[in-house]
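Good morning, and thank you for making the time. Please have the display before you.

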Amino acid sequence: MFKAILTYFAARKIVSFIVCAAMMVGLLTVCLVAAAFAPQASADEMNPNPYAYKYFKMDDDPDGNALYVYEDGTVMFRSKDDLRVGQHYSSFVNENGELVVFDSNSSTIFKGVMDDGGILTDDDGNVWYPQY
C-alpha cells in the first residue's frame, strides 16, 4: 500500500513537471514568433524631427520673439513687433542636426542647433529657451 502511494505521488510530480514544461515551451514559442514578426524601429524612424512640437522663446519676456516647430516641418515665427500674427515657414533638419528654416524663395532665414538641455542657439548667437 505504501509503495502504491509513493508511486502515485511520484507520477503526479512527473505529470505536473511535464505540463509545466509544455506550457513554458508554448510561451517561449509565442514570444519568439511575436519577436520575429514585430516591426523594428530605429530612433530616426520614431522621431525624424527632434525639433517637432517644440516651442522656443528668445527671452523671458511674455511678449518676446518666439518660434514653434510643427511635426510636418513648418515653423511659426512670432516677433515682438506683431504678437497676434505669426509667420509660417518651411524647415528641415540637416545632417549636422541643425534646424534650417527657409522662406518661399528657398532663402535660409534661420539656422540653429539644439543642445542636450533643449536650448536652441542660432547662427547669430541668440539663445532660444524651451517653453514647457
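I begin with Ser106, which counts as exposed because its relative accessibility is 60%. In the terms used here, exposed is over 50% relative accessible area, buried is under 20%, and partly exposed lies in between, with a 1.4 Å probe and protein chains only. Ser106 sits in the loop between β5 (98–102) and β6. Helices (H or I, at least four residues) and strands (E, at least two) are DSSP runs, numbered from the N terminus.

Before going further, a word on the basis of these values. This is a predicted model, in which local features need pLDDT of at least 70 and side-chain atom pairs count only at pLDDT 80 or more, while totals for chains, interfaces and linings use all residues. Residues are numbered from 1 along each chain as its sequence is written, and side-chain values use heavy atoms, with hydrogens and water left out.

What is the phi of Ser106? It is positive, about 65 degrees, although Ser106 is not a glycine. As background, most residues other than glycine have a negative phi. Tyr53 also has a positive phi, near 65 degrees. This tyrosine is found in the loop between α2 (43–46) and β1 (54–57), and at 53% relative accessibility it counts as exposed.

I turn now to the aromatic residues. The structure holds seven aromatic pairs; rings of Phe, Tyr and Trp (its six-membered ring) pair if their centres lie within 6.5 Å, and planes under 30 degrees apart count as stacked, over 60 as edge-to-face and the rest as tilted. Phe77 and Phe110 have ring centres 5.5 Å apart and planes at 65 degrees, so this pair is edge-to-face. Phe77 lies in strand β3 (residues 74–78) and Phe110 in strand β6, 33 residues apart, and the pair thus links distant parts of the chain. Phe110 also forms an edge-to-face pair with Trp128, at 5.8 Å centre to centre and 90 degrees between the planes. Trp128 belongs to strand β8 (residues 127–130), so its pairing with Phe110 ties together parts 18 residues apart in sequence. Phe77 and Phe110 are both buried, and Trp128 is buried as well. Ring pairs link Phe77, Tyr89, Phe110 and Trp128 into a cluster.

Finally, Val113 is placed in strand β6 (residues 108–114). At 35% relative accessibility, Val113 counts as partly exposed. Leaving aside neighbours within four places in sequence, the contacts of Val113 (heavy atoms within 4.5 Å) include Tyr51, Gly97 and Ile119.
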